[in-house]
Amino acid sequence: MAMVKIQPGALAGTVNVPSSKSMGHREIICAALAQGESVIDNISMSEDIAATLRCLNALGVRSELTASKFKGRSAVKIYGTGTVKATGEVCDCSESGSTLRFLLPLGALCGAPVTFCGAGRLGERPLKPYYDIFDEQGVKYTPEQGLPVTVEGNLHSGTFKLPGNVSSQFVSGLLFALPLLDSDSEIIITTPLESQSYIDLTLSALAKYGIKVQNNNYQNFVVPGSQQYQSGNADVEGDWSQAAFWLAAGCLNGNIICAGAYDKSLQGDRVVKDILMRMGGSMTQADGGLLAVKSKLRATVIDAADCPDIIPVLTVAAAVAEGQTKIINAGRLRIKECDRLHAIAAELNKLGADVIEQAESLVINGKPQGLRGGRVSAWNDHRIAMSMAVASTVCAESVIIEGSESVKKSYPTFWQDFALLGGRLEQGENL
């Protein structure tokens, strides 16, 4: 297991945030479903993005890396065929929940067996909303729990009922598949829709590739059938969920310019800017990006319903803010790469924080004097690893993070960027 040992200290400089993993998945899938060649540029080649490309190849869509006009990034040329097919190859999703949930309905279009496998906790993450639909439509799937899972059948147009409080990824997965069916379909959301901003990302990607969807106040979506995705070229925007780590680090103990985070983005995680400013964080537009500087933070209430991915690092900020912060509506963090509610509470407390874990919330009693330091685990979760790195900037002693390699899932160059900002770290296997 890889480890990193970080000496406490301020971070300063400019960092180019990775491109949005959320939009990367969506752009690649839409391009794959289009007839003709598309080039998707400014791709940060994380393990999750690689999983989506690999699975689309297993569904008959060829792609190749090509030269990018962005330094340190990749471009992908995708040879879309207008559809997907069963090739007999297994779709290996690794640990990417987005890949599995976005592509499973496409597998159910093939009329022949398609198998999806994964790693880590992916097999524990819910798929029942799809299975309920498959049962209604006569699409076969085995087994009923866990991975690998094999689907076989022909998804057909009609009415699709989905809960809105499990994951928006189920809605997005159907939105990718339904335009390819012969007739019109409707998705009905049966409970209040959480992570609405992720649906906005999907709808914006679909529109860019020529797909029409009627959104009726996020309560139901009407999807005309017999549509064709249009090929095209696109640059993926910067990722606010990754910018969140640097903005928090800047507000805690730094002077950091985040470049590449588009202020008018549809990404729900852009709310990190507003939340940190509500806590007293100083952030201003500067040459090249958004500047975050060391600030005196105060407690607030944070609603996690539409921004679950930034909750771990906001918990770090709350741990050293003045007063008691409450993070509410956070139950879905328990079914991510790890139980993030438990993990962030447990590991921050090892560093000397005062975080109380509740069923669907966290209560954080801030310690403005800072944290102690110590040895923590990343729980094989990229966002826990990066959050612990941010926490190290306000510790009195060094922080050793076990499982530091987990950042490869979404941000392979995180440790290089941390060092470029002046972070003093040592990597190895026996620290």
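Predicted model: local features only at pLDDT ≥ 70, side-chain atom pairs only at ≥ 80, totals over all residues.
## Ground rules

Local features here need a pLDDT of at least 70 and side-chain atom pairs count only at pLDDT 80 or more, while totals for chains, interfaces and linings use all residues. Numbering runs from 1 along each chain as its sequence is written, and side-chain values use heavy atoms, with hydrogens and water left out.

## Pockets

Let's start with the open spaces. A pocket is an open set of points, on a 1 Å grid over the protein atoms alone, where a 1.4 Å probe fits and protein lies on both sides within 12 Å along at least five of seven lines; lining residues have an atom within 4 Å of a point. Volume is the space filled by probe spheres set on the points, with grid points joined across faces, edges and corners.

The largest pocket comes out at about 530 Å³. Its lining has 24 residues, and Asn16, Val17, Lys71, Gly72 and Arg73 sit nearest the centre. Strand E2 (11-16) and helix H12 (414-420) each put at least two residues into that lining; E2 has the largest share, with three. (Helices, H or I with at least four residues, and strands, E with at least two, are DSSP runs numbered from the N terminus.) By class, the lining splits into ten nonpolar, ten polar and four charged residues. Here Ala, Val, Leu, Ile, Met, Phe, Trp, Tyr, Cys and Pro count as nonpolar, Asp, Glu, Lys and Arg as charged, and the others, Gly among them, as polar.

The second largest pocket has a volume of about 220 Å³. It is lined by 13 residues, with Leu252, Lys294, Ser295, Val320 and Pro368 closest to its centre. Six of the lining residues are nonpolar, four polar and three charged.

## Helix H10 and Glu347

Glu347 belongs to helix H10 (residues 340-350). Is this residue buried or exposed? At 2% relative accessibility, Glu347 is buried, where buried means under 20% relative accessible area, exposed over 50% and partly exposed in between (1.4 Å probe, protein chains only). Its side chain reaches the backbone nitrogen of Ser377 at 2.8 Å. Beyond its neighbours within four places in sequence, Glu347 is in contact (heavy atoms within 4.5 Å) with Val376, Ser377, Trp379 and Met388.

Just after H10, Gly352 adopts a positive phi of about 105°.

## Salt bridges

With a salt bridge taken as a side-chain nitrogen of Lys or Arg within 4 Å of a carboxyl oxygen of Asp or Glu, the count is 21. One of them pairs Lys69 with Asp235 at 2.9 Å, N to O. Lys69 sits in the loop between strand E4 (62-66) and E5, and Asp235 in strand E15 (residues 234-235), so this pair ties together parts 166 residues apart in sequence. Lys69 is exposed at 61%, while Asp235 is partly exposed at 38%.

Asp381 lies in the loop between E23 and H11, so the bridge links parts 41 residues apart in sequence. Arg340 is buried, with a relative accessible area of 1%, and Asp381 is buried too, at 0%. Shared partners join Lys21, Asp48, Asp309, Lys336, Glu337, Arg340, Asp381, Arg383 and Lys409 into one salt-bridge network.

Definitions and conventions. Polar contact = N/O pair within 3.5 Å; in protein donor to acceptor, adjacent residues only side chain to side chain.
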